[in-house]
Amino acid sequence: MPTPMGDSMIPQEKSAAVTRGLRQAFGVTEFEDIRQMTKGHTSALKFRIVVQGRPYLLRIIMRTNSMLGPTRQFTCMKTAAEAGVAPHIWYTSTEDQIAITDFVEEAPFPATEALVRMPAVLQALHALPPFPEGVHSLDTSCMFLMHKGTALDGFIRKFQEPHILSGSESEDLFAWHAQVSAVYPQHDPDMVSSHNDLFKPDNILFDGRRVWLVDWEAAFLNDRYADLAVVANLVASDDAEERIYLREYFGQPPDPYQLARFFLMQQVVHMFYAMAFLLLGLSGDAVDQSEKAPDFKDFHRRLWAGEVNLADKDTKVAYGRVHWERLVKNMRQTRFNEALKLVADRHGCP
């Protein structure tokens, strides 16, 4: 039996907008069933609705900040959906900030299978017509750390002032950041359409046959290695698997430059998520070093399996520490200096 809009979980102020969407998409004004989807860390409301016996996903954006409005994400989502990277779209309204898409019934997606499937998905994503460029002040990808300017300066001050890390650790962090920033190409002409929010496994859905990417709020034109490095954290557990992953993406074994650039981007990822999540989780307190940080591989295995909720403050701190510890380990390898030199030589950096 149809569910009247007034009796549903839809916020009252969005009821008329949803009715308009249902009428335009399906010629009805009510749905037969509704269930709120709580999985995932997003400010948007998500519902599984049933219309004419078929399930769909209703997404309602609740942000009021116009700079984070739906225009760009709906544009990117439509481009991805037309290419079969995102679920089919039945209705969007930038004015009402709602979208209705196919609902993906998820199946288990082992990391071993994702290791060879995800590179093809990223390859298809990165081959899409160019997305709009990002806004550096709102950049939620790790490449934010490579964009010099007032937004980055403010973020660094916000991280430094509470003394979250010890003095020597903070000095190391920003010395490493300066080294990478000095050689990493920040205006590469080979920019690609990127998702930029794939550190969350919730945005990667597998139906048993195909992989779908969802939640396009952070999508824009970006460095291809950003998506590559973030997803590798989830599905590639060692150097050998990283080479398999990159071989699947590039269609051939990665060359020394590709390996070096990928490695440097991994360090940018570790810096960014260490800083962001320690800042979010600690609220200005210093890191408690008395408790050992979780193991990097095990934490990401659990994250991929849906056993970790990054909305929890303690988990945010653990996630930040996981990335910090991996960064410290990697920066002490000879591979770091070798990668710096190789990338610097390719781009003519002193």
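Since the model is predicted, local features need pLDDT of at least 70 and side-chain atom pairs count only at pLDDT 80 or more, while totals for chains, interfaces and linings use all residues. Numbering runs from 1 along each chain as its sequence is written, and side-chain values use heavy atoms, with hydrogens and water left out.

Salt bridges come up first. The structure holds 13 of them, a salt bridge being a side-chain nitrogen of Lys or Arg within 4 Å of a carboxyl oxygen of Asp or Glu. One of them pairs E105 with R48, at 3.5 Å from N to O. E105 sits in the loop between β5 (98–102) and α3 (111–126) and R48 in strand β2 (residues 45–51), so this contact ties together parts that are 57 residues apart in sequence. Helices (H or I, at least four residues) and strands (E, at least two) are DSSP runs, numbered from the N terminus. With a relative accessible area of 44%, E105 is partly exposed, whereas R48 counts as buried at 14%. Here buried means under 20% relative accessible area, exposed over 50%, and partly exposed in between (1.4 Å probe, protein chains only); the areas themselves come from the Shrake-Rupley method.

Another bridge links D239 and R335, whose closest N and O atoms are 3.8 Å apart. D239 belongs to helix α7 (residues 239–250) and R335 to helix α11 (residues 334–346), so the two join parts that are 96 residues apart in sequence. Both ends are partly exposed, D239 at 48% and R335 at 22%. Helix α11 also carries N337, which is partly exposed with a relative accessible area of 48%. N337 and L264 lie 73 residues apart in sequence, yet their C-alpha atoms are 9.9 Å apart in space.

D298 is partly exposed at 31%, and R302 is partly exposed at 24%. Salt bridges that share partners join D298, R301 and R302 into one network.

Helix α4 (residues 150–160) has a buried set made up of L152, F155, I156 and F159. They cover an arc of only 95° around the axis, so they end up on the same side of α4; the arc is that of the directions from the helix axis to the C-beta atoms. T150 and K158, on the other side of α4, are exposed.

On the surface, D288, E291, D312 and D314 gather in a patch of negative charge. Such patches take residues with over 30% relative accessible area and no salt bridge, and like charges are joined within 9 Å. E291 lies in the loop between α8 (256–282) and α9 (296–304) and is exposed, with a relative accessible area of 57%.

Finally, the backbone. Q97 is not a glycine, but it has a positive phi of about 60°. Q97 is placed in the loop between β4 (89–93) and β5 and is buried at 14%. N196, also not a glycine, has a positive phi of about 70°. This residue is found in the loop between β6 (191–194) and β7 (204–206), and N196 is buried, with a relative accessible area of 4%.

Key:
Patch = residues over 30% accessible without salt bridge, like charges linked within 9 Å, V, L, I, M, F, W, Y side chains within 5 Å. Areas by Shrake-Rupley, 256 points an atom, 1.4 Å probe, with all protein chains shown as cover. Lys, Arg positive; Asp, Glu negative; His and termini not counted. Charge placed at Lys NZ, Arg CZ, Asp CG, Glu CD.
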